[in-house]
Amino acid sequence: MEEKRKSDSELEPVPLAPAASWNTEGVPLPDSGVIGAQLREIVSLSTAFERHLGRALSVNDTDLAAMEHLISQGPLTPSELARHLTISTAATTIVIDRLVAVGHAHREAHAHDRRKIVVVPTPASVRATFEALMPLIGGVASVTNELSAEDRATVTDFLASVVGVYRRALEPPV
C-alpha cells in the first residue's frame, strides 16, 4: 500500500474474536483468520450504524428500510414498497403513515394511473439522510482513494469474491 496509509502498528487495536470462540454447538468453523474477523466486525458495525442512522432520523428498522427504498428508487406505490420490504400491504400502510407523520414522506397521485398513489421521500428527509451518511461515505471514499491502483484492484477482486459467497449463500437449495 502507499506510504500515506498507517502502518499496522499505528492502527488502533481492534478486538477480533476468532471464529472458534463463537458458540457453534460443536460445529467446527473454517478459520479465515484476521480477514474473516474483520469482515465479521464490518457486518456488526454496519448493523450498529443502521441503528444509529435510524435513531438520528427517528425511525425504526422497517421505516428506515422503506426510506432507503424510496430514496434509492424514487416514488413507489404502497404495493411496490410492500414487495421491497417483504411485508403485507396493511403493514406497509402503517409504515407509510409513520413516515408521513414524522415528515420523511408524503403521498402523491400516481403520474399515469389516477387510481393509485405513490409515496415520495421529502427533500428535507433525503438531505438529513445523506448528512447522516456522509461521515461513512466520505470516510470509505477517503480510505479507497489512499489505495494504489494495484491495491485497489486486489481489494476489488477480493470484495467481489466475498459478494459472490454471500449471493451463493442466499440462493435456494437445488
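In which element is the place of Ala109? Ala109 lies in strand E1; point 6 returns to this residue.

1. Basis. This is a predicted model, in which local features need pLDDT of at least 70, side-chain atom pairs count only at pLDDT 80 or more, and totals for chains, interfaces and linings use all residues. Residues are numbered from 1 along each chain as its sequence is written, and side-chain values use heavy atoms, with hydrogens and water left out.

2. Overall content. The protein has six helices and two strands, in the order α-α-α-α-β-β-α-α from the N terminus. Helices (H or I, at least four residues) and strands (E, at least two) are DSSP runs, numbered from the N terminus. Of the 174 residues, 23% count as buried; buried means under 20% relative accessible area, exposed over 50%, and partly exposed in between (1.4 Å probe, protein chains only). The accessible surface comes to about 12,400 Å², with 60% of it belonging to carbon and sulfur atoms. Such areas come from the Shrake-Rupley method with a 1.4 Å probe, and for residues only the protein chains shown count as cover. Among contacts (heavy atoms within 4.5 Å) between residues at least 6 apart in sequence, 43% join residues at least 24 apart.

3. Helix H1. The 25 residues of H1 should span 36 Å at 1.5 Å a residue, and the end C-alpha atoms of H1 are 36 Å apart, which agrees. The expected span is 1.5 Å times one less than the number of residues. Gly36, Ala37, Leu53, Gly54 and Leu57 are the buried residues of H1, and they pack against H2 and H5. H1 is followed by Ser58, whose phi is positive, near 60°.

4. Helix H2. H2 (residues 61–73) has 13 residues and reaches 18 Å from first to last C-alpha, close to the 18 Å expected at 1.5 Å a residue. Its buried residues are Asp63, Leu64, Ala66, Met67, His69 and Leu70. An α-helix has 3.6 residues a turn, so residues three or four places apart point the same way. The buried residues of H2 pack against helix H1 (33–57), H3, H4, strand E1 (105–109), strand E2 (117–121) and helix H5 (123–145).

5. Helices H3 and H4. H3 (residues 78–85) and H4 (residues 89–101) pack at an angle of about 105°, with axes 9 Å apart. Axes are lines fitted to C-alpha atoms, for helices over the stretch in contact, and angles run from 0 to 180 degrees between N-to-C directions. H3 and H4 are therefore roughly perpendicular (65 to 115 degrees). Pro78, Ser79, Leu81 and Ala82 in H3 meet Thr89, Thr92 and Ile96 in H4. By class, this contact has four nonpolar, three polar and no charged residues. Ala, Val, Leu, Ile, Met, Phe, Trp, Tyr, Cys and Pro count as nonpolar, Asp, Glu, Lys and Arg as charged, and the others, Gly among them, as polar.

6. Ala109. At 58% relative accessibility, Ala109 counts as exposed. Not counting residues up to four places away in sequence, Ala109 touches Lys116, Ile117 and Val118. Ala109 and Val119 are 10 residues apart in sequence and 8.9 Å apart in space, C-alpha to C-alpha.

7. Positive phi in loops. Most residues other than glycine have a negative phi. Thr86, in the loop between H3 and H4, has a positive phi near 55° and is exposed, with a relative accessible area of 70%. Ser58 sits in the loop between H1 and H2 and is also exposed, at 57%.

Conventions
Angles under 35 degrees count as roughly parallel, over 145 as roughly antiparallel, 65 to 115 as roughly perpendicular and the rest as oblique.
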